[in-house]
Amino acid sequence: GLGGALTALSPQDWEQRQEEDTLLIERILLLVRNVLHVPPDPTEEQQGVDGDASVHDRVLWALHISGMDDLLKFLASAQVEQQWALHVLEIISLMFRDQSPEELAALGQRTAGAEHGEDTRELESLRQRELAEKRARALQRPSRHSRFGGSYVLQGLKSIGDRDTVFHKGLHNLKSYTHDLGKEPRRVPRHRQAA
């Protein structure tokens, strides 16, 4: 289609583009402009059912489906494609021919407001779901295990002074209890070690 032909030509650099390519782009833009320029036929518009899309609207929809509107935006905004600016401007003004600026501005504000409200609702529902998942995870998580094994008094085993020894390890370590438990072993210098 026309959009495919323009897509094939648009990205090319000026050096690579041939004279025929430039003429083809111009012809395509003029054809689109001339199609949009056709005035509405009152008799045909009256025969249609109320709510039917007009011929102009159907042409605009066909341009949108073919991707022509994106190409027009590219041609309008690309610095190197400035020579097409007036053609693109004329096409865009013909696209909005039946619309008043006030209607378009009001429609944009309504759409933006509706989208904002919908986004807010969606974000709120996502936040609620995340909070519920966090609560469920907190309930499933086992309570934190304490590393404190308890303290026990070993009766009959005196520590320094007259008090009983206080044992700070778990009871399963009691069998291997010595007074040196937990102390660093004293290192003997190599020259003092037994042969």
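What is the mean pLDDT of the protein, and what share of its residues reach 70 or more? The mean is 76, and 74% of the residues reach 70 or more; pLDDT is the predictor's confidence in each residue, from 0 to 100. This is a predicted model, in which local features need pLDDT of at least 70 and side-chain atom pairs count only at pLDDT 80 or more, while totals for chains, interfaces and linings use all residues. Residues are numbered from 1 along each chain as its sequence is written, and side-chain values use heavy atoms, with hydrogens and water left out.

Confidence is lowest in helix α1 (residues 2-9), at a mean of 58, and highest in helix α6 (residues 85-95), at 85. Helices (H or I, at least four residues) and strands (E, at least two) are DSSP runs, numbered from the N terminus.

Let me turn to α6. His87, Val88, Ile91, Leu94 and Met95 are buried there, that is, under 20% relative accessible area, with exposed meaning over 50% and partly exposed in between (1.4 Å probe, protein chains only). Viewed down the axis of α6, these buried residues fall within an arc of 125°, so they line one face of the helix; the arc is that of the directions from the helix axis to the C-beta atoms. The face turned away from the buried side carries exposed Leu86 and Leu89.

Finally, the hairpin. Strands β1 (residues 152-158) and β2 (residues 164-167) pair in the antiparallel sense over 4 bridges, pairing requiring at least two DSSP bridges between two strands. Tyr152 has Phe167 in β2 as its bridge partner. Between the strands lie 5 residues, and Gly161 in the turn has a positive phi of about 95°.
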